[in-house]
Structures are given as structure tokens and as C-alpha cells.
Amino acid sequence: MWKQALRACALASLPSLGLAAPPLATATIVEGETILIREAAAYGLAEGVRLQKGDIIQSSAKGRFVRLEFADGVVVDLAGGTQLMLSPKAGPDRGKAPPRLYLLNGVVKVEVPPNLPAADTLLASPNADLSAVSKGVVVSVTRQDASVFAESGAVTVVERREFKPQPPQTLRSGQFYLRTGEAKAQVAPRPSGAFIQALPKAFLDTLPSRLDLFKGRDVAPKPAAAGLSYTAVQPWIDAEPTLRPQFVPRWRTLAKAPDFRAGLVAGIAAHPEWDRLLFPEKYRLNPRPGDAPLPGTRY
């Protein structure tokens, strides 16, 4: 019996070879050029591709519309030029569970089905986080600005200044939250005409779910023609401090490429967590001949 127990423990400690992580969502509409970044590789996103924890979706300016559907009924629409990550590590101040979405840049519409348990943070971003979404919300984010339209139902907005959370405020259905740069955020009874006009037409329509069309189908994403360049992932490497560390082990193999390494070195002030990987000699306790000295030491 004890041999069987030891064998079971040994098997349990082995990695689950060949077993893919359960999907978080499925891409059910993809119109225009959209890239999927999974681990350290780039793929073309296609309808039917199942998405996993840590996947990054980047819809180019030529991308028109992307829809992601979750098994629990949550639907996420992306406009062109949007950069979105699924279930990232985003810091303990956003709750016990990771946010379902991290919107680095761009515009998304999120629809939540009735009676869905409220998550700690449904959507995180550099400038504002959302929770307690009761039905539908549209969010636009840039590095400096954030706009939130409570299209239907209420939503709680937690403003972030210098990446730190501020007291939450609840928007009622129809209200519009706008923060521009460091100015105080404003709440209006309705969104501006310019905001509505900038949205994709599909955001204004009621589209039926297409998730059932892809049940039982395993659509594999096709590798992108070009590899994953430093330019493509720099916005994530230079993201907020709680987000950045996870990308060091994820993309460390890419740092061996001369162009990728050159980009990391040139911008090291914006992502100092890469310093140990790029310059390991600085951190050796027993330096070898020719190693650069540690700061403030002599030998």
C-alpha cells in the first residue's frame, strides 16, 4: 500500500503533460486583424479559438470588432486598437481573485448576465477599475484617460491615481464617468456625443450569442507570420508596477534576441525588474574576473 501511495505522490508531482488549461472564453466574432499573444508566441486570432488565462488580445487599428464569450454568460466586445489581457496577476488591492480582464488601452463593452456573483474586480485598467457590473458597461482607456458609460444597470468605479485605488463610486444606469489626465473625474447624466460616435456600430446593436456554434470544435490559432517583437509587447513590459513582474519569466527567452534585448536595455528605467536578467553579473555575490562591480562596492 505504501508503494502505491508513494507512486501516486510521484505522479501528482509531475507536470500535466499534454493537458491544456481549461479555456476561459471563446472568440466568437473576429473582424479585421487581431493578434493573440500566448506565452512567448504570437498567433492570428480566429473565430472559435479558445482563450486561456494570461492570453493577450491585441486588435490592430485595422481590426474592426472582436467578441469574446465566457461560459458563464459574460460577453466582452473589443473595438479596433484595443489591448486586453485575460485573468492577469494584478496585485492584492484588487481582491483575492485576479481580475477577469485587464484593459491596457482601447475600448471594450462588457455585458454581464443576471444573477452573476459579483467579482472582486471584473475589469482592471491603469486609471480605473470596475466591479459590481449589474448589466452592461462600455469602457475606454488610454495611458492618461478613462471613460466609463453605465449603458444599462449600475457599475462601481474605483479610480486609480499613481496606480493606487481611490474611494469607489457607483454609477447609475445611463451615467457617464470621465477622467482626463490628473484632473478631477466628472460624472455626467449621459455620455457625450463624441464618445458615442467613436464606438463601433456593433457596440450599438444587440447581437445574439454565437457560443453554441463552437461547442465541440477545437480551433487552433495559426502562428503569426512575424515573431513576437519588442515593439509589440513594450506597452505590457512598461505597464503598471503590479503587472510588470509576471512578464519577466514569460518573455525571458525573447530577451536573448539582440533587437529585443536592445529595447529592454534602452528602456530599463521603465521596467527595472528586468535588470537582474539582463545584467546578472551585477548580482553575483562572488564576482568573477571581468564582472562589473556591484554599485557602491570595491574589489
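Student: Which residues of helix α6 (residues 258–266) are buried in this predicted model?

Tutor: In this predicted model, the buried residues of α6 include Phe260, Gly263 and Leu264.

Student: Why are these residues said to be on the same side of α6?

Tutor: They cover an arc of only 100° around the axis, and therefore they are placed on the same side of α6. The face of α6 turned away from the buried side carries the exposed residues Pro258, Asp259 and Ala266.

Student: What covers the buried residues of α6?

Tutor: The cover includes α4 (230–237) and α7 (275–278).

Student: Which residues of α4 are buried, and what makes them a face of the helix?

Tutor: Tyr230, Val233, Trp236 and Ile237 are buried in α4. Seen down the axis of α4, the buried residues fall within an arc of 115°, so they line one face of the helix. Their cover includes α5 (247–251) and α6, together with the strands β2 (34–38), β5 (56–59), β8 (83–86) and β9.

Student: How do you know that α4 and α6 meet, and which residues are involved?

Tutor: Contact requires heavy atoms within 4.5 Å. Tyr230, Val233 and Ile237 in α4 meet Phe260, Gly263 and Leu264 in α6. The residues of this contact divide into five nonpolar, one polar and no charged. The axes of the two helices come within 10 Å and cross at roughly 35°, and the crossing is right-handed.

Student: Why is Leu211 called buried?

Tutor: Buried means under 20% relative accessible area. Leu211 has a relative accessible area of 19%, so Leu211 is buried. Leu211 lies in the loop between α3 (201–204) and β19 (222–223).

Student: What does Leu211 touch, leaving aside residues up to four places away in sequence?

Tutor: Leu211 touches Thr26, Thr28, Glu69, Phe70 and Ala71, on that count. Leu211 and Ala27 are 184 residues apart in sequence, and their C-alpha atoms are 8.5 Å apart in space.

Student: Why does Glu39 count as exposed?

Tutor: Exposed means over 50% relative accessible area. The relative accessibility of Glu39 is 53%, so Glu39 counts as exposed. Glu39 lies in the loop between β2 and β3 (41–44). Glu39 also has a positive phi of about 55°, although it is not a glycine.

Student: Which members of the largest nonpolar core touch the most other members?

Tutor: Of the 38 residues in this core, they are Leu45, Leu68, Val76, Val110, Leu130, Val139 and Val148. Strand β9 (residues 101–111) gives the most to the core, with four residues. Apart from this core lies another, of 24 residues, among them Ala42, Ala239, Phe247 and Ala255.

Student: What does Val110 touch, not counting residues up to four places away in sequence?

Tutor: The residues that Val110 touches are Val74, Val75, Val76, Leu101, Leu122, Leu123, Lys135, Gly136 and Val137, with that exclusion.

Methods:
Residues are numbered from 1 along each chain as its sequence is written. This is a predicted model: local features need pLDDT of at least 70, side-chain atom pairs count only at pLDDT 80 or more; totals for chains, interfaces and linings use all residues. Side-chain values use heavy atoms; hydrogens and water are left out. A nonpolar core is a set of buried Ala, Val, Leu, Ile, Met, Phe, Trp, Tyr and Cys residues joined through side-chain atoms within 4.5 Å. Buried means under 20% relative accessible area, exposed over 50%, partly exposed in between (1.4 Å probe, protein chains only). The arc is that of the directions from the helix axis to the C-beta atoms. Axes are lines fitted to C-alpha atoms, for helices over the stretch in contact, and angles run from 0 to 180 degrees between N-to-C directions. A crossing is left-handed if the near helix is turned anticlockwise from the far one by less than a right angle, and right-handed if clockwise. Ala, Val, Leu, Ile, Met, Phe, Trp, Tyr, Cys and Pro count as nonpolar, Asp, Glu, Lys and Arg as charged, and the others, Gly among them, as polar.
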